[in-house]
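Here are my notes on the model, point by point. Please read them with the structure open.

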Amino acid sequence: MRSIWNGVISFGLVRIPIKLVNATESHAVPFREIHTEDGGRIRHRKFCELEDREVTAQEISRGYEEADGTIIPITDEDLAHLPIPTARTIEIVTFVPEDSIDPLQMSAAYYLAAGRAPAARPYTLLREALKRGNRVAIAKFALRGRERLGMLRVVGEAIALHGLLWPDEVRAPEGIAPDADVTLHDKELNLADDLVDALSEVGLEDLRDEYREAVEQVVAAKISGEALPEAPEPERGVEVLDLTTALERSVRAVRGEPDEAEVKRLPQRRTSRSSPKETGGRKSTSKAEKSKAEKKTASPARKSTSKTSQAEKKKTAAKSTAGSTAGKTSSKKAPSKKTPETGTPSRKRSA
C-alpha cells in the first residue's frame, strides 16, 4: 500500500519512524459527467481569472483570502516553518480508555507502518503497551495544512490512527430528542431486549452493499444490451400495528419463526367476512333456481290447460252451432200446423 504521509510517533523521548497508509477504500461505482445530447465527457478545467487561460497542476498553489478579497499566497515552504512540533510528528499527549471516546468524533482511519528497520522494536513496544493497558493513545498531528487530533489503537498486530474531530467541532444534541413524556411498559422493554438479542446474531461480515450490487447489474445490462432488471414494486398498504405487536412480529421474523398472529387471525377474518356472502349467495341462487323450475313446470301445465279449455270451448261451440243449424234446417223442412185450440203453429223437436 502506498503511503500518503511520512513522519514519526513521539512517545515521550521515544521516536518511531512511521508511514501513514489509508486503512479504508471506497467500492462505490464511479460515474463520470457527460453531455446529455451526445454523451461527450464533461471535464472541469482550471482557468486563471487574470490571464483567462487554462493552467496546469504545477502552476497551482494555495492562498489565504482576507475579508476584503485580497489573497495572500501560502507556499509549502511557508508551512514547513510552522511553529508547532506536529508538522511531521504524531505527538502522543495522553492515554485514555477506548470507551471514553465519543464515536461522533471519529473520522478517517489510517494504518501506521514502521518506516525503517530500527523502528520495529519501538513500534512493537508501543503496540504491546496499548494492549496491556487496554487503552488508546490520543495524539496531535498535522496533515493537509492543518493540525488534527487522532486516536491510536491496536488492530490485529498493527497500530491504527483514527482522525478525531476537536471537541468544539461536535454539535450538542439540543432540541433533538422528543419533548413529550413517554412511559414505556415492562413488556415493551422486554420485547425490545429480545429483538436486540435476535439482531445481535447478525455479524458485520454478513453485510454487503446491496445498492452498489444493484447499480452494477444495471451497468452490466446496459453494456450487454439486455433488458434492465425490474425494480420491485413498493408496498402500497402498510398495516399499522401497535408497538407491542410490532415488536413481537419483529422478533419472530428475525428468528425465522411463523407469525402466529397472522396465521390465527387472517383465516378468521376471511371466514367471517366471506361466509355470509357465500351463504346468502347460495340461498339466493337456490331460490332463483326453484322459481325458475316452478315457472318451467307451471308453464307447460298452463299451456296444456289452456289448450284443453280451448278445445272444449271449440267443441261446445261446434255443438251449439250444429244444434242451431239443425234446428234451422228442421224448421225449414217441417211445415207448420195449426191446432184448433190455439191456432198457433207447433214446433217439431229434432231428435
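1. Start with α3. Its buried residues pack against α5 (243-255). Contact here means heavy atoms within 4.5 Å; buried means under 20% relative accessible area (1.4 Å probe, protein chains only). The residues concerned are E188, L191, L195 and A198. Seen down the axis of α3, the buried residues fall within an arc of 85°, so they line one face of the helix. That arc is taken from the directions from the helix axis to the C-beta atoms.

2. α3 covers residues 186-199, 14 residues in total. From first C-alpha to last it reaches 20 Å, close to the 20 Å expected at 1.5 Å a residue. The expected span is 1.5 Å times one less than the number of residues. Helices (H or I, at least four residues) and strands (E, at least two) are DSSP runs, numbered from the N terminus.

3. The model is predicted: local features need pLDDT of at least 70, side-chain atom pairs count only at pLDDT 80 or more, and totals for chains, interfaces and linings use all residues. Residues are numbered from 1 along each chain as its sequence is written, and side-chain values use heavy atoms, with hydrogens and water left out.

4. Confidence next. pLDDT is the predictor's confidence in each residue, from 0 to 100. The protein's mean is 77, and 70% of its residues reach 70 or more. Over residues 263-288 pLDDT stays under 50, and the model has five contacts there beyond four places in sequence. Residues 317-351 are also below 50, with nine contacts beyond near neighbours in sequence. Where pLDDT is low, the predicted coordinates should not be read in detail.

5. The largest nonpolar core has 20 residues. Such a core is a set of buried Ala, Val, Leu, Ile, Met, Phe, Trp, Tyr and Cys residues joined through side-chain atoms within 4.5 Å. I9, I18 and L152 are among those with the most contacts inside it. β9 (135-143) is one of the elements giving two or more residues. β9 gives the most, with four residues.

6. Look at R127 in helix α2 (residues 120-133). R127 is buried, with a relative accessible area of 12%. Leaving aside neighbours within four places in sequence, R127 touches V154, E157, A158 and I159.

7. Check the strand pairing. Two strands pair if DSSP finds at least two bridges between them. Seven bridges join β9 to β10 (residues 146-155), running antiparallel. Seven bridges also join β10 to β11, again antiparallel. L152 has L161 in β11 as its bridge partner. β10 and β11 form a hairpin with two residues between them. In the turn, G156 has a positive phi of about 65°.

Notes
Buried means under 20% relative accessible area, exposed over 50%, partly exposed in between (1.4 Å probe, protein chains only).
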